[in-house]
Amino acid sequence: MKDFIPREFRTIYGKIINDERITSTEGLMLYNSNNPGLLGYLADIVRKRKNDDHAFFNRNFHVEPTNICIHNCEFCSYRKAAGSKEAWNYSAGEILDIVRRFDDKPVTEVHIVGGVHPDHNIDYYCRILQMIKNHRPGLHIKAFSAIELDYIINKSGLSIREGLLKLKECGLNSIPGGGAEIFDEKVRAIICKDKSSSAMWLKIHEEAHMAGIPSNATILYGHMETYEHRIDHMERLRKLQDRTAGFNSFIPLKFRKENNKMRRFGEVNIIEDMKNYAVSRIFLDNFPHIKAYWPALGKETTQLALSFGVDDVDGTIDDTTKIYSMAGAKDQNPSMTTEDICQLIRGAGFKPVERDTLYKVVKEW
Ligand code: V47
């Protein structure tokens with residue numbers, strides 16, 4: 001047993017080196033420890049076993065079809081009322097025009113997510129998918145959060161499975177992790193009260209996995225939630241992943257306070273960010289990847305996160321998302337060249353590996 005592991009953490013340490021699952025109580029103990037160095041050390045054991053010294057990224061861009069939304073989440077800085085000068089709502093043709101701007105670029109993924117527009121339906125979503133697939137069949141379409149899917153599938157009269165299979169047939173390859181926020185029903189009732197329930201988010205991802213559509217999962221942390229709420233959130237995900245193995249990555253999203261109704265909660269500090277990545281890596285033993293989403297977190301913090309369990313930094317983005325710049329993130333026009341990302345990763349002591357959405361290696365840089 002390593003001498004520098006404090007006595008109270010030796011059982012957890014033993015479990016980690018033996019690749020055994022830690023309990024919720026042990027997860028809480030890690031959160032409550034004031035020892036970020038130890039958490040980084042423990043998380044790095046899991047990280048290296050799963051992903052060696054590789055740090056993954058992809059070449060991607062986002063499309064945000066609309067910022068008009070039937071929901072009015074307290075943390076959202078992105079939503080605008082219909083009729084507002086800052087609101088937009090693209091037709092499927094306009095979305096294809098955005099995709100066409102990347103025709104000469106070696107991107108492998110388009111990430112499509114936006115508000116839940118009251119006029120949208122499954123046919124509009126299918127048109128988007130089909131137009132993109134016809135234009136660029138090799139482009140992976142990671143699209144539509146469980147919240148958008150809940151609305152359009154429910155409206156279509158199809159079952160969740162039927163709706164997902166229809167979208168898959170039209171070209172949907174995977175589902176992003178948005179909309180999970182915090183699963184605890186009491187917190188959810190305060191921060192996003194009219195949004196799809198936690199049970200529905202989990203059901204849609206479970207049905208997607210069973211229909212052969214992989215997905216990601218997120219948590220929105222650093223506002224009013226407690227460590228117990230974070231552990232409960234991850235416990236629900238861990239249970240689902242045990243059944244389906246359909247999640248690729250877990251993406252902790254740090255709450256940003258600008259231009260939304262939750263400013264009073266402030267923003268957590270970098271120690272809290274690192275703690276959260278480390279505990280996620282250790283607790284979610286059945287998730288292959290933990291992602292630090294650099295447009296939300298900032299480049300330097302992302303670099304540091306690689307030593308706290310993170311093995312993926314998302315992608316090049318090319319200034320195509322507004323969700324975080326509107327909420328006060330440092331990069332107002334998030335974009336990185338492949339060279340920038342490789343430098344960021346190498347500077348942190350890891351090996352840059354370009355991946356596709358499903359983590360097949362495209363190139364070791
Ligand atoms: O669900 C919104 C979050 C999410 C704020 O799957 C905020 O690869 C912090 O899910 N402060 C959408 N967070 C983004 C998302 C995502 C991002 C990157 C990669 C993937 C993936 C998924 O953004 C929302 C919400 O949790 N969010 N507003 C805010 N003020």
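**Close-up views: strands, a buried glutamate, cysteines and salt bridges**

**View A. In β9, valine 353 is the bridge partner of phenylalanine 56.** This is a predicted model, in which local features need pLDDT of at least 70 and side-chain atom pairs count only at pLDDT 80 or more, while totals for chains, interfaces and linings use all residues. Residues are numbered from 1 along each chain as its sequence is written, and side-chain values use heavy atoms, with hydrogens and water left out. Strands (E, at least two residues) and helices (H or I, at least four) are DSSP runs, numbered from the N terminus. Two strands pair if DSSP finds at least two bridges between them. Strand β1 (residues 54–58) and strand β9 (residues 351–355) pair in the parallel sense over 4 bridges. β1 also pairs with strand β8 (residues 312–315), again parallel, over 2 bridges. There, asparagine 58 has glycine 315 of β8 as its bridge partner. In β1, 5 of 5 residues are buried. His54, Phe56 and Asn58 point one way, Ala55 and Phe57 the other.

**View B. Strands β2, β3 and β4 form an open, parallel sheet.** The strand order is β2-β3-β4. β2 (60–63) and β4 (140–143) are the edge strands, each pairing on one side only. Neighbouring strands are turned by 25 degrees against each other on average, direction ignored. Axes are lines fitted to C-alpha atoms, for helices over the stretch in contact, and angles run from 0 to 180 degrees between N-to-C directions. Strand β3 (residues 109–112) and β4 share 4 bridges. Isoleucine 112 stands opposite alanine 143 of β4. Helix α5 (residues 122–135) lies across β3 and β4, at about 160 degrees to β4.

**View C. Glutamate 109 of strand β3 is buried, at 1% relative accessible area.** Its side chain makes a polar contact with that of asparagine 60, at 3.4 Å. Another polar contact, of 3.4 Å, joins the side chains of glutamate 109 and lysine 142. A polar contact is a pair of N or O atoms within 3.5 Å; within protein, one must be able to donate a hydrogen and the other to accept it, and residues adjacent in sequence count only if both atoms are side-chain atoms. Leaving out residues up to four places away in sequence, glutamate 109 touches (heavy atoms within 4.5 Å) residues including Phe61, Leu139, His140 and Thr357.

**View D. The structure holds 0 disulfides (cysteine sulfur pairs within 2.5 Å).** For cysteine 76, the nearest cysteine sulfur is that of cysteine 73, 6.2 Å away. For cysteine 192, the nearest is also that of cysteine 73, at 5.0 Å. Cysteine 192 is buried at 2% relative accessibility, whereas cysteine 76 is partly exposed at 26%.

**View E. Aspartate 19 and arginine 49 meet in a salt bridge (3.4 Å, N to O).** Aspartate 19 sits in the loop between α1 (10–17) and α2 (24–32), and arginine 49 in helix α3 (residues 36–51), 30 residues apart. A salt bridge puts a side-chain nitrogen of Lys or Arg within 4 Å of a carboxyl oxygen of Asp or Glu. The structure holds 25 salt bridges.

**View F. Arg21, Asp242 and Asp285 are linked in a network of salt bridges.** Arginine 21 and aspartate 285 meet at 2.9 Å, N to O. The pair is 264 residues apart. Arginine 21 is partly exposed at 30% relative accessibility, as is aspartate 285 at 23%.

Notes. Buried < 20%, exposed > 50% of the residue type's maximum accessible area, 1.4 Å probe, protein only.
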